[in-house]
Amino acid sequence: NLSSNKNQACASCHDKSVAFSDPDKTIPVSKGSVAGLFGSRNTPSIAYASFTPSLHQTLDDGEMLWVGGLFLDGRVNTLEEQAQKPFLNPVEMNNKDFKEVIANLRTSPTANMFRDVFGGDSLDVGKEELAFQQVADAIAAFERTPQFSPFNSKFDFYLQGKAKFTTQELEGMSVFIRADKGNCAACHTMAANSNQPSLFTDFTYDNIGVSRHPNRHFFAADFVDNALMQTKDDMGLRGKFRVASLRNIANTAPYMHNGIFSSLREVIEFYNTRDTDPQRWGEAEVPDTVNHDELGNLKLNDREIDALVAFLNTLSDGYQP
């Protein structure tokens, strides 16, 4: 009800049944409210998004790293800020301004519930700017509930001693952790803290060397996504995207910022052979900042790749021990 054509909700691109990612797995990016318009990035899952820290710098082994921030380029710092953006984006909900959003809200089935929460006069003319902020407050409050972060995967039950991993899953976890194998945990850290279990991300930024998407229906031939550079205006950050959480990763295809890969096995094969089979993967979208130190020639065999996929499947929520 709050999109320009009354045909797109937050859940249109963040569906609970697929870990709050886009339910349409046949296209790399999401449809907008206006027919024929699409976003320029693969919709990320917003499960566990409430744990993302504000964008900041930290010193790590002598290197200053950017960490945190919402969206894949870290351009906002709170769930409330993030919630407002799609309403006004022309390739998403396509409202011309916040006043149009609130005008739609006044005539929606949610209007009376909104007034119950924020006051009988909250949708009055002249209060649109505050009401738009309250819309974001309500969405963010929902996103902070356990529905978005249940921590009930097989991995979680395994850590609690309530589930057992198969031999293949155990091997996959070893490949994931070992620095001489997948070394996935270098960025998708398994470290937990006192507040919550592992989120499988260190929230840093990296350019892993993914090529441009070949589908010209969605991406122009000369389109380049500058990623964190768009936020921080630093050429050294061009093409670097925030490391995604791997929780529910088996449910959130397609993968990468442009949705170029359709399966987890394909993703791992890319990490494994990017530098040894470059013709298969194509030239990086942004060659200058590609990470050549931690991926590209992992030397994993087929058994190890299958095991790693099996382990990643244990990170899906909703496991019944």
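This is a predicted model: local features need pLDDT of at least 70, side-chain atom pairs count only at pLDDT 80 or more; totals for chains, interfaces and linings use all residues.
Student: How many aromatic pairs does a search of the whole structure find?
Tutor: Ring centres must lie within 6.5 Å to pair. On that basis, the whole-structure search gives a total of 21.

Student: F142 and F148 form an aromatic pair; stacked or edge-to-face?
Tutor: A pair of aromatic rings is described by the distance of the centres and the angle of the planes. For F142 and F148 the centres are 4.8 Å apart and the planes make 85 degrees. Planes over 60 degrees apart fall in one class, so the F142–F148 pair is edge-to-face.

Student: Which is buried and which is partly exposed, F142 or F148?
Tutor: Buried means under 20% relative accessible area. F142 has 39%, so F142 is partly exposed. F148 has 4%, so the buried residue is F148.

Student: F261 and W281 also form an aromatic pair; how many residues apart in sequence are the parts that the pair ties together?
Tutor: The pair is edge-to-face, at 5.6 Å centre to centre and 80 degrees between the planes. F261 lies in the loop between strand 4 and helix 9, while W281 belongs to helix 10. F261 and W281 are both buried. The separation of the tied parts in sequence is 20 residues.

Student: The charged end of which residue sits over the ring of Y48?
Tutor: R75 has its charged end over the ring of F71, 3.7 Å from the centre. For Y48 the distance to the ring centre is 5.3 Å. The residue over Y48 is R247.

Student: Is A227 buried or exposed?
Tutor: A227 is placed in the loop between strand 3 and helix 8. Leaving out residues up to four places away in sequence, A227 touches R41, D73, G239, K240 and F241. Its relative accessibility is 0%, so A227 counts as buried.

Student: What separates the C-alpha atoms of A227 and E129?
Tutor: Along the chain, A227 and E129 are 98 residues apart.

Student: Which element gives the most to the lining of the second largest pocket?
Tutor: That pocket holds about 530 Å³ of space. It is lined by 21 residues, and those closest to the centre are E63, L65, T204, Y205 and E294. Strand 1, strand 2 and strand 3 each give two or more residues to the lining. With five residues, the top contributor is strand 2.

Student: How many residues of that lining are charged?
Tutor: Asp, Glu, Lys and Arg count as charged. The lining also has nine nonpolar and four polar residues. The charged residues number eight.

How values were computed: Residues are numbered from 1 along each chain as its sequence is written. Side-chain values use heavy atoms; hydrogens and water are left out. Rings of Phe, Tyr and Trp (its six-membered ring) pair if their centres lie within 6.5 Å; planes under 30 degrees apart count as stacked, over 60 as edge-to-face and the rest as tilted. Buried means under 20% relative accessible area, exposed over 50%, partly exposed in between (1.4 Å probe, protein chains only). Helices (H or I, at least four residues) and strands (E, at least two) are DSSP runs, numbered from the N terminus. A charge sits over a ring if NZ of Lys or CZ of Arg is within 6 Å of the ring centre and within 35 degrees of the ring normal. Contact means heavy atoms within 4.5 Å. On a 1 Å grid over the protein atoms alone, a cavity is a set of points where a 1.4 Å probe fits but cannot get out, and a pocket is an open set with protein on both sides within 12 Å along at least five of seven lines; lining residues have an atom within 4 Å of a point. Grid points are joined across faces, edges and corners, and a volume is the space filled by probe spheres set on the points.
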